Amino acid sequence: MTTLDYILTSNMCRKTEDCGVQKPRTNAEWVRSGKSACDCMSMRSVIAALMLMLVVCLVAPPATAQRGIDINGAIRTGKWNSYKIAVGDFKVVGDWSLAADSLAAAVKKVVTDDLDFHVFFDTIAVNQFYIDVWEIKDLTPDVWARMGADYLVDGTLELKGDDVVVAYRINELHPQVQEMKDEKLRTKHGNIRRIAHMVGDAAVRQIAAEKPFFTTKIAYACAASGRKEVWLCDYDGANAMRLTNDQSIALSPCWDRKEDKLLYTTFKHGSAEVWELDIRSGKSRPISAFPGINSAPSISPNNDEIAITLSKDGNPDLYILNRKGEVKRRLTDLPSSIESGASWSPTGQEIIFSSDRTGTPQIYRVDPDGVGITRLTYEGKYNDSPDYSPRGDAIVYVARGEDGDFQVCTIDAKGSDFSQLDQTGSNENPHWSPDGWHVVFCKQVGAKYDLYIMDRFKKKIKKITSDGKSSNPAWQPFAD
Amino acid sequence: MKSLLTLLATAALIAFMVVGCAKKPKVEAPTKPTTTETKPTEKPADQSTDQGTTVESEPSSKFSAIYFDFDKYSLRDDAKADLKKNVDVMKQDQNLKVTVEGHCDERGTVEYNLALGERRAKSARDYMVNMGVKANRVSTISYGKERPVALGHDEDAWAKNRRDEFVEK
């Protein structure tokens, strides 16, 4: 397996031998402690016990943890009742070594970071006061339950030659401890982050019944090598690598819906052309190289068509191309306005875009045959860069505020229900995560451009690049 | 009885607060980035590597660059005056061919600015053609916001970057 193979994500990775999955029966090390925390405590004083019981009553969740989040209710109220999950240790089994120990710590860290970022989860940290008072030696599932966790993920790690075997288990802690899933994953040392992301994925799938995204990638433009090229990183910014070497200007990547390919805009032959890059082979071919600009491609949900901005007929307008780059039809035809930034709805029945036909850019929608153009944004003078949620319920875009800064905002598909995601810096090019609950965007702070990810409701934000020269992100869609 | 309950509740509250305080040292810091972190320390360093805020472009060019207002591609009076000079240069040497490069400031998205840059370039070309320069002697290209000439992040720099440059072919 090459480095690139490691770095590339295919959501079908479970089928590759590298991640060979064995389903073990219950492991002896994992036999639950049948004792409750009360059995092992040595009481210091009656008062302390009374106080602690009250504390436990106050911090402990209701006896039965609710599975399944009322999404519509959450959207309406903006209140989010997260799954409280604890990420326990991944204990080294077999021969202990420093290498094994640091890999185990890395797995725990990645799983914790993943779940902590996910909008449906909050991670529960160790309550040291509780541990000290009750003189707790082992963080058993019962102890985690008493510290406020509804779920626990932990496991073991074992080195076998060049391979690492991570065995994880997911426990539901209420009303009583019950194992939901366990699995063994085997990989090479260098691939440990990916395995950890797969553990996080399993927790999301198992507990929230949502499609997980921790193993997806983000393509973006980055000038860290001198010229702006297209780069690729994990969703959390790790494993960043340069993909193109055009030595001119390469930007605006757009993911193929099925394969590891990107469309992107490049100036390698002088003016802006759209090329297709095969990420695995590194080979690229021209798709759209008409006179004038060729830019801002967006691939339809059925993967057959490209919505794109061309100025070959004199003015920047939207066109539909087939995947070979032949013009199928023209979507907009106004002689003196810019139409750009197309994005398909998940059904393929709508395309949203920005147009400055009224004098400043605003967001519009149109049917894929070019009829039914409707304006969606009216607030503010400058609204641009729309991206249609893969859930179909929202559009994310940037709005220029009174202070001149650009902010990431969302509206619903009809243009109502305005919400602003982030208040700081100046932001651009927001793009949805494949699950439609999170976004990635570029934030400018001073002279630095970096990528940030955040969720739509709790607005937990996380900086994922730090080179100061990253922009134009596109989050990999689910492969289905 | 009532006072006992109150006492217990108070004790619980205190204990609760102690828990909150006691756990702090061990708790892993949440990964919220502080958006102000880069401001004070990194800005000066950046400016020094940017070799000042302005890089003079092609000082020996026969042509004058022209400038635009934010999000506009219409020609200002000063731009028209400079364009007239450029037209004179073109008329004096009938063999000259020129590419008009449209540029934008850093604000707004890459894609929109690519289109805006092209319209700026075409505004200048159309004006020159109307003044009698043959259309096949003037071509256009847009670099959007990708090739700023001034590297600052304020109105001074932005005004310099919203421009058309004229490059002899």
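Predicted model: local features only at pLDDT ≥ 70, side-chain atom pairs only at ≥ 80, totals over all residues.

Residues are numbered from 1 along each chain as its sequence is written, chains are lettered from A and ligands numbered from 1 in the order written, and side-chain values use heavy atoms, leaving out hydrogens and water.

**Helix H4 of chain A.** Select residues 98-117: this helix has 20 residues and runs 28 Å from first C-alpha to last, close to the 28 Å expected at 1.5 Å a residue (1.5 Å times one less than the number of residues; helices are DSSP runs of H or I, at least four residues, and strands runs of E, at least two, numbered from the N terminus). Its buried residues include A:Leu103, A:Val107 and A:Phe117 (buried means under 20% relative accessible area, 1.4 Å probe, protein chains only).

**A:Ser354.** Next, pick this residue in strand S19 (residues 351-355) of chain A. A:Ser354 is buried, at 0% relative accessible area. Show contacts (heavy atoms within 4.5 Å): leaving aside neighbours within four places in sequence, they include A:Ile338, A:Gln362 and B:Tyr112.

**Strand S4 of chain B.** Finally, select residues 163-168: five of the six are buried, so the strand is largely enclosed by the rest of the structure. S4(B) pairs antiparallel with S1 (residues 66-67) over two bridges (pairing takes at least two DSSP bridges), with B:Tyr67 partnering B:Arg163. S2 (residues 98-103) of chain B also pairs antiparallel with S4(B), over five bridges; there, B:Val98 stands opposite B:Glu168.

Key
Buried < 20%, exposed > 50% of the residue type's maximum accessible area, 1.4 Å probe, protein only.
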